[in-house]
Amino acid sequence: MRGHEAYEEHKLYPYLARRWGVSFADAEAGHEALRLCDRDVQAALQHEPTSSLVDALRAHHDVLLAHLRYEEDLVIPLLLELSREEFHQTFG
């Protein structure tokens with residue numbers, strides 16, 4: 001996931017922000033929230049009882065779904081507005 005998030009934060013989001021004048025601060029905050037959830041899952045795997053792991057995985061699931069919904073509502077429509085040529089020149 002780190003590579004995926006890095007690509008979005010360093011290439012995709014900045015390009016779309018410049019192109020469409022949209023802020024991606026909430027999307028980047030979603031990545032940070034996912035990193036914190038990942039940390040909690042790893043800690044639960046190493047040190048906590050099973051119930052803590054279940055709670056950590058549920059929290060990660062909820063944060064991930066919220067982030068994906070956000071991207072589906074913001075990122076995907078902007079990508080679909082790009083011409084095929086612009087998309088391939090920029091991301092291809």
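H1 and H3 are oblique to each other.

Mentor: Before we start, this is a predicted model, with local features needing pLDDT of at least 70 and side-chain atom pairs counting only at pLDDT 80 or more, while totals for chains, interfaces and linings use all residues. Residues are numbered from 1 along each chain as its sequence is written, and side-chain values use heavy atoms, with hydrogens and water left out.

Trainee: Okay, why are H1 and H3 called oblique?

Mentor: The axes of H1 (residues 2-20) and H3 (residues 50-81) cross at roughly 55 degrees and come within 11 Å. Under 35 degrees counts as roughly parallel, over 145 as roughly antiparallel, 65 to 115 as roughly perpendicular, and the rest as oblique. So H1 and H3 are oblique.

Trainee: Which residues of H1 and H3 make the contact?

Mentor: With contact meaning heavy atoms within 4.5 Å, Glu8, Leu12, Tyr13, Leu16 and Trp20 of H1 touch His67, Glu71, Val75, Leu78, Leu79 and Glu81 of H3. By class, that's seven nonpolar, one polar and three charged residues.

Trainee: And what makes H1 and H2 roughly antiparallel?

Mentor: Here the axes of H1 and H2 (residues 25-47) cross at roughly 165 degrees, again coming within 11 Å. Since over 145 counts as roughly antiparallel, H1 and H2 are therefore roughly antiparallel.

Trainee: Which residues of H1 and H2 meet?

Mentor: Arg2, Glu5, Glu8, Glu9 and Tyr13 in H1 meet Ala27, Glu28, His31, Leu34, Arg35 and Asp38 in H2.

Note on methods
Axes fitted to C-alpha atoms, helices over the stretch in contact; angles between N-to-C directions. Helix = DSSP H or I, 4+ residues; strand = E, 2+ residues; numbered from the N terminus. Nonpolar A, V, L, I, M, F, W, Y, C, P; charged D, E, K, R; others polar.
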